[in-house]
Amino acid sequence: MQTAEQTDVAIIGGGPVGLATALSLESVGLSVTVLERAPATVWEEPSFDGREIALTHHSVRILQENGAWNHIPHSAICPLREARVETGKFRHPLTFDTHGRGVDALGWLVSNNHIRRALYAAAATRPGITLLDGVTVETVRQNPAQAVVHHSKGQLQAQLVVGADGRFSPTRRRAGIGSIIHDFKRTMLVCRMAHDSPHHNIATQWFDEGQTVALLPVNGMASSLVLTLPPDDIKRLLEAPRDAFNAEIMKRIGNRLGTMRLVSTRHAYPLKGVYAHRFTARRLALVGDAAVGMHPITAHGFNLGLRGQEILSQEVTRNVSTNGDAGLAQGLRRFEQKHRLPTAPLFAGTNGIATLYTHDGAPFRHLRETGLRLADAFTPFKNAVTTLLMDRHTTAP
């Protein structure tokens, strides 16, 4: 019978939230093993996937504390000075900025692959973290005293298992935890476009008839394009010749940034929001998209993932300091309660907004226009949303 390797915490999924969790738990003296399906070459050097992550002040602080931030090239970090929300041909945008807040950025935009690479680089230097690549998890067995992960390279015995394997998490499914799945019946195309006009570090979210467009600034005369359309339209655009693609994108955004040209690969992601019925089971916790997979409209998915792993780390630390056991149910229940409190209303509200802003009937258009006008004039609302966007607890770079 095969002997199981020993670790304090086993993390299934070596994406950015899984690696951040490993770094947080290792920093309080726990041994952590991360199991990842991808081979080492892909895990260590992830390729560009089109996604730009809007990091809040608090998220940057977490990345600084766990040693990942210094692994991100300065040239890859773009400050976000202002965010605008527009609808159709209604030219009264709802704007959010940092005026009067003592800082010059709402947050920072960084490509997802740079974040993944930085977290891997930080984790690879930690003596208490073991990184297992090319591993397929087969079963997870939990009893009152321990959990055992059976995988393609052996067995791993742990006090706690963390599922960080995405919004369609096999770990969640194996544990018998259901989820709310909201299918928006749309697909998101992401790529990088160079353009003639400057973006002035402004992010624009534009809800137009039949489409949703986001233009996210990146350093230089370029922006990340996020275009949401029915799946068949996205498939056509993915396959379109470069010149035809450029022409259609300029038409779709009204030539607002002058001549544009594709300067990256194109990527597509189906839009589905996921919210787990439970975030924990016996000696098991879910983090990142395995717990809450947000619609990207608020750009808060990864930030919520970092928040969740931070809460989990705090409660696991409390478990260990009081009872010497990372996987005790009391701490996992506290983690679940604290993480559900902000995420449940945000998930429901985001889905409601996304639904409202993707209906093109006249009543919905008028409601959107009226809502933007009122929201832009209501200073307390704008201040509250700006505070949420920034999530500023400390000053970041």
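**A walk through the sheets, cores and ring contacts**

Four strands form an open sheet in the order β1-β12-β11-β10, with mixed pairing. β1 (5-6) and β10 (137-142) stand at its edges with a single partner strand each, so one side of each has no neighbour in the sheet. This is a predicted model, in which local features need pLDDT of at least 70, side-chain atom pairs count only at pLDDT 80 or more, and totals for chains, interfaces and linings use all residues. Residues are numbered from 1 along each chain as its sequence is written, and side-chain values use heavy atoms, with hydrogens and water left out.

Helices (H or I, at least four residues) and strands (E, at least two) are DSSP runs, numbered from the N terminus. Two strands pair if DSSP finds at least two bridges between them. Strands of a sheet pair through backbone hydrogen bonds, either parallel or antiparallel.

β1 runs parallel to strand β12 (residues 154-158), and two bridges join them; E5 is opposite L156 in β12. β11 and β12 are antiparallel, with five bridges, and a hairpin of two residues connects them. Four of the five residues of β12 are buried, where buried means under 20% relative accessible area, exposed over 50% and partly exposed in between (1.4 Å probe, protein chains only).

H151 belongs to strand β11 (residues 147-151), and its bridge partner in β12 is G154. What does the side chain of H151 reach? It reaches the backbone nitrogen of K153 at 3.0 Å. This is a polar contact, meaning a pair of N or O atoms within 3.5 Å; within protein, one must be able to donate a hydrogen and the other to accept it, and residues adjacent in sequence count only if both atoms are side-chain atoms. H151 is buried, with a relative accessible area of 8%. Not counting residues up to four places away in sequence, H151 touches L35, L132, V135, T136, V137, E138 and L156, a contact being heavy atoms within 4.5 Å.

The next topic is the nonpolar cores. A nonpolar core is a set of buried Ala, Val, Leu, Ile, Met, Phe, Trp, Tyr and Cys residues joined through side-chain atoms within 4.5 Å. The largest has 69 residues, of which V9 and L55 touch the most other members. Apart from neighbours within four places in sequence, V9 contacts L25, L30, S31, V32, T33, A158, L160, V162 and A326. A second, separate core has 19 residues, including L189, L225, I249 and L262.

Eight of the eight residues of β17 are buried, so the strand is largely enclosed by the rest of the structure. In a regular strand the side chains alternate between the two faces of the sheet. From β17, A222, S224, V226 and T228 point one way, while S223, L225, L227 and L229 point the other way. Strand β14 (residues 179-195) runs antiparallel to β17 with eight bridges, and L189 is opposite L227. Strand β16 (residues 211-218) is also antiparallel to β17, over seven bridges, with L215 opposite L225. The hairpin of β16 and β17 has three residues between the strands, and G220 there takes a positive phi near 90°.

Helix α9 (residues 329-356) contains T343. T343 is buried at 0% relative accessibility, and its side chain makes a polar contact of 2.9 Å with that of Y275. Its contacts, leaving aside neighbours within four places in sequence, are Y275, F279, V292 and L304.

Y275 and F279 form a tilted aromatic pair, 5.5 Å centre to centre with 55° between the planes. Rings of Phe, Tyr and Trp (its six-membered ring) pair if their centres lie within 6.5 Å; planes under 30 degrees apart count as stacked, over 60 as edge-to-face and the rest as tilted. Y275 is buried at 4% relative accessibility, and F279 is buried at 0%. R340 lies over the face of F279, 4.7 Å from the ring centre. A charge sits over a ring if NZ of Lys or CZ of Arg is within 6 Å of the ring centre and within 35 degrees of the ring normal. The charged end of R266 sits over the ring of F245, at 4.7 Å from its centre.

Overall, the protein has eleven helices and 22 strands, and 54% of its 397 residues count as buried.
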